[in-house]
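User: Hi! I am new to protein structures and would like to learn how to read one. Could you take me through some features step by step?

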Amino acid sequence: MSIIINLDVMMAKRKKGLGQLAGEVDITLANLSILKNNRAKAIRLSTLDAICKALDCQPGDILQYVEDGKEQKDE
């Protein structure tokens, strides 16, 4: 996929764990883990909004476009 989710990087920068962020965003640990591990096929804008508020960041800090075949992370 051409969109990479760098949620783990931003969580580390903000020193927030999965459980803490899940509580603040009101999302299940399982669904947040799917996002964090870059296995999500979609994300609701309301969820992205809540994540950005909780991590005090912009959507571009979490989402990255990479041309197919040039991904830096394992899928």
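**Reading helices, bridges and loops**

Analyst: Gladly! Let us start with E24, which counts as partly exposed because its relative accessibility is 40%. Keep in mind that this is a predicted model.

User: Which residue does E24 meet in a salt bridge?

Analyst: The general idea is a Lys or Arg side-chain nitrogen within 4 Å of an Asp or Glu carboxyl oxygen. Here the partner of E24 is K16, with 2.6 Å from N to O. K16 has a relative accessible area of 19%, so it is buried.

User: How many salt bridges are there in the whole structure?

Analyst: The search finds 2. Besides K16 with E24, there is a bridge between D49 and K53, where the closest N and O atoms are 3.3 Å apart.

User: Where do D49 and K53 lie?

Analyst: Both are in helix 4, with 4 residues from one to the other, or about one turn of the helix. D49 is partly exposed because its relative accessible area is 39%. K53 has 63%, so it is exposed.

User: Now the helices. How do I read the way helix 2 and helix 4 pack?

Analyst: Look at the angle and the distance between their axes. Helix 2 and helix 4, which spans residues 45-55, pack at about 120° with axes 9 Å apart. An angle from 65 to 115 degrees would be roughly perpendicular and one over 145 roughly antiparallel, so this pair falls into the oblique class. The crossing of helix 2 and helix 4 is right-handed.

User: Which residues of helix 2 and helix 4 meet?

Analyst: From helix 2 come L21, E24 and V25, and from helix 4 come T47, A50, I51, A54 and L55. By class, this contact of helix 2 with helix 4 has 6 nonpolar residues, 1 polar and 1 charged. You have already seen E24 as the partner of K16 in a salt bridge.

User: At what angle do helix 1 and helix 3 cross?

Analyst: Their axes cross at roughly 105° and come within 8 Å; helix 1 covers residues 7-14. Helix 1 and helix 3 are therefore roughly perpendicular to each other. On the helix 1 side the contact involves L7, D8 and M11, and on the helix 3 side L32, L35 and K36. Sorted by class, the contact of helix 1 with helix 3 has 4 nonpolar residues, 2 charged and no polar ones.

User: What about the loops? Where is D26 found?

Analyst: D26 sits in the loop between helix 2 (18-25) and helix 3 (29-36). D26 and A50 are 24 residues apart along the chain, and their C-alpha atoms are separated by 8.4 Å. D26 counts as exposed because its relative accessibility is 73%.

User: What is the phi of K15?

Analyst: The general idea is that most residues other than glycine have a negative phi. K15 is not a glycine, yet its phi is positive, about 55°. K15 lies in the loop between helix 1 and helix 2. With a relative accessible area of 73%, K15 is exposed.

User: And what is the phi of D56?

Analyst: D56 is also not a glycine and has a positive phi, about 50°. You will find D56 in the loop between helix 4 and helix 5 (59-62). Its relative accessibility is 62%, so D56 counts as exposed.

How values were computed: Residues are numbered from 1 along each chain as its sequence is written. This is a predicted model: local features need pLDDT of at least 70, side-chain atom pairs count only at pLDDT 80 or more; totals for chains, interfaces and linings use all residues. Side-chain values use heavy atoms; hydrogens and water are left out. Helices (H or I, at least four residues) and strands (E, at least two) are DSSP runs, numbered from the N terminus. Buried means under 20% relative accessible area, exposed over 50%, partly exposed in between (1.4 Å probe, protein chains only). Axes are lines fitted to C-alpha atoms, for helices over the stretch in contact, and angles run from 0 to 180 degrees between N-to-C directions. Angles under 35 degrees count as roughly parallel, over 145 as roughly antiparallel, 65 to 115 as roughly perpendicular and the rest as oblique. A crossing is left-handed if the near helix is turned anticlockwise from the far one by less than a right angle, and right-handed if clockwise. Contact means heavy atoms within 4.5 Å. Ala, Val, Leu, Ile, Met, Phe, Trp, Tyr, Cys and Pro count as nonpolar, Asp, Glu, Lys and Arg as charged, and the others, Gly among them, as polar.
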